[in-house]
Amino acid sequence: MAKYILARILVSIVTLWVITTVIFLMLRLLPGDPARVFASDTATPEEVAQLRTRLNLDKPLSYQYMLFMNDLMHANLGTSFQTNTPVLDEITSRLPQTIELATCGMIIALLIGIPAGLISAVMRNSWLDSITSIGTLFGVAMPVYLLGLILILIFAVEFHWLPAAGNRDGFRSIILPSLTIGAFSMALIARMTRSSALEEMSKDYVTAARAKGLNKRRVILRHVLRNALIPVVTVIGLQFGYLLGGSILTETIFAWPGLGRLLTQSLFSRDYPMVQGLVIVFAACFIAVNLLVDILYGYIDPRIRNR
Amino acid sequence: MAILTQGSATDKLNGHSSMPARSGTKMFLKRFIGNWHAVIGLGLILSLVLLCLFAPFISHYDPVEQDLSKALLAPSPQHLLGTDYLGRDLLTRILYGGRLTLTISFLSVALGLAIGLPLGAISGYFGGWADMLIQRVTDILLSFPSFLLALMLVSMLGIGVRNLIISIGIMAIPSFIRLVRAYVLSLREMAYVEASRSLGSSDWAIILKHIIPNVWAPVIVNASLNMGYAISTSTGLGFLGMGVPFPTPEWGMMMGEAQDYLFSHPFMVIYPGIVIFIAIIGFNLLGDGLRDAMDPHLRNIRNIK
């Protein structure tokens, strides 16, 4: 197991290195002059030239890359154009809000998705099953921003039950954003749980357990659920990446002060160091979650780690 | 991204190899029509496409012309869905906007397919360093949250139709590569491929003549499921103002623009939202239905973006 974990960590580090390099190249090699892109529309040629010097864009690419990597090693992501504070400080002050939102979204998705999937598998072709499958169909097709706006209209505008934006109302203010961000994953987890539970239920060990005289509830909860959750774990890992992406839209709609909103704001204010830093942090989070899932997967399914 | 079990690919091939082509098509049509998912999905998409296509005959208003004296009108026989904050007919903008949204999504999926299919085939057929390289690049593409990647690319390349297609298309590539590669891995071991090779066919001839025709079914299913995702991404970018330039009508941008009027005129947001939802659900249903109709074994393909 230790060897497997070590190998996974190594792969993750290499991936992170490649990705930071890709981000570095993407910002510099794409058509268009980054200094021009990130300068304001009214900037004079002198101001653009100044910006180019400030960003070291006038130096050779290899030198820029060394500077970039050196800064990265020292956890220095540069200084924001907008606030003139270190990018890393801004990101670390916003990160908890995004993690809070993504975690709440995932918890809602799991708490509703797994039981819904399991129930509709056990009660196959019942009205509960039909409701679940229509629900998952809608959940998968509903764009994040549409769901967010509809929830605001219903719960904040119509009934005044919950706040429409911000995070100042404690628990009450996170309900709508986390429902919005978690809906897609909830639908997908319910679907996955249903189909993998159905598959497990058709296996011989279930018949054997029933024949042995175990009651149905015990067989479902003890045997079927446990095995059915294996593929669901992988989806959860992938879904966390989706949640990070979804946080960009969700946080913008709900004025949630996290990384996603910071990213859209920085893109519009052309805060180049902030954008670069945020994308690196997003990618790092995604890789870290996938690493955790891989390790967890190794624990659950011993066949994986011996491959 | 699509997941599939390799066993199903082999089952499928074995099951179909002895079947004459005509009865295959007949069976497909029968299963397709009997599948309410597919029929409803196709119906929704066709109605949307026809409505958008015949926009000039349905509405005689100009989708971009502003008339502030008619701003924010309630629905009436003249303006079936009312007007927006610049006095433009909402129905007209939705119809013209659909042309753009659907075209962008279609072309980006086509781009993803055009790059992903050959790369996946090469990766699966030849293996070796080409496979290594293609798989690592796929891994890297997949280790970005895809919406973030599209947003980054658009903001770097600049907004506009062409750049949207490129940015969303790049996101669609990995799912095609993974899918095609997995199929090709099992196809290249088939007896008829072996036979063709022993008769002296070149690798490329085998890929073009024997491999690619056999991966079309799952590729089309994946394309349909990807359409839903492309629509959701392109409208999401439009919503953030990263889509097409003002005042071109585009569904996502229409919602983004109307956001300020959410409290006073919610239907300016709701109407474009509903058509986006219908389009996505249409392609998802069609994809699910096609998958079941083309081959029940393909049920293991899932869109898990």
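**Entry 1: the loop between H10 and H11 of chain A**

I began with A:Ala255, which sits in the loop between H10 and H11 of chain A. I note at the outset that the model is a predicted one. The phi of A:Ala255 is positive, about 45°, although the residue is not a glycine. I then looked up its surroundings: A:Ala255 counts as partly exposed, because 13 C-beta neighbours lie inside 10 Å. For context, I recorded that most residues other than glycine have a negative phi.

Is A:Ala75 buried or exposed? It counts as exposed, since I find 8 C-beta neighbours inside 10 Å, and the limit for that class is 12 or fewer.

**Entry 2: a peptide bond in chain B**

I checked the peptide bond that runs from B:Phe246 to B:Pro247 and found it cis, with omega near 0°. I located B:Pro247 in the loop that joins helix H10 (203-239) to helix H11 (251-258) of chain B. I set beside this the general point that most peptide bonds are trans.

**Entry 3: a helix pair in chain B**

I examined how helix H3 (residues 36-53) of chain B packs against helix H5 (residues 90-126) of chain B: the angle is about 115° and the axes are 8 Å apart. The crossing of H3(B) past H5(B) is left-handed. Which residues meet there? From H3(B) I listed B:Leu48, B:Val49, B:Leu51 and B:Cys52; from H5(B) I listed B:Leu95, B:Gly98, B:Arg99 and B:Leu102. Sorted by class, the residues of this contact comprise 6 nonpolar, 1 polar and 1 charged.

**Entry 4: the contact of chains A and B**

I finally looked up the contact between the chains, to which chain A brings 37 residues and chain B brings 33 residues. By class, I recorded 31 nonpolar and 6 polar residues on the side of chain A that touches chain B, and no charged residues.

Terms used. Residues are numbered from 1 along each chain as its sequence is written. Chains are lettered from A and ligands numbered from 1 in the order in which they are written. This is a predicted model: local features need pLDDT of at least 70, side-chain atom pairs count only at pLDDT 80 or more; totals for chains, interfaces and linings use all residues. Axes are lines fitted to C-alpha atoms, for helices over the stretch in contact, and angles run from 0 to 180 degrees between N-to-C directions. Helices (H or I, at least four residues) and strands (E, at least two) are DSSP runs, numbered from the N terminus. A crossing is left-handed if the near helix is turned anticlockwise from the far one by less than a right angle, and right-handed if clockwise. Two residues are in contact if their C-beta atoms, placed from the backbone, lie within 7 Å. Ala, Val, Leu, Ile, Met, Phe, Trp, Tyr, Cys and Pro count as nonpolar, Asp, Glu, Lys and Arg as charged, and the others, Gly among them, as polar. A residue is buried if 20 or more other C-beta atoms lie within 10 Å of its own, exposed if 12 or fewer, and partly exposed in between; C-beta atoms are placed from the backbone.
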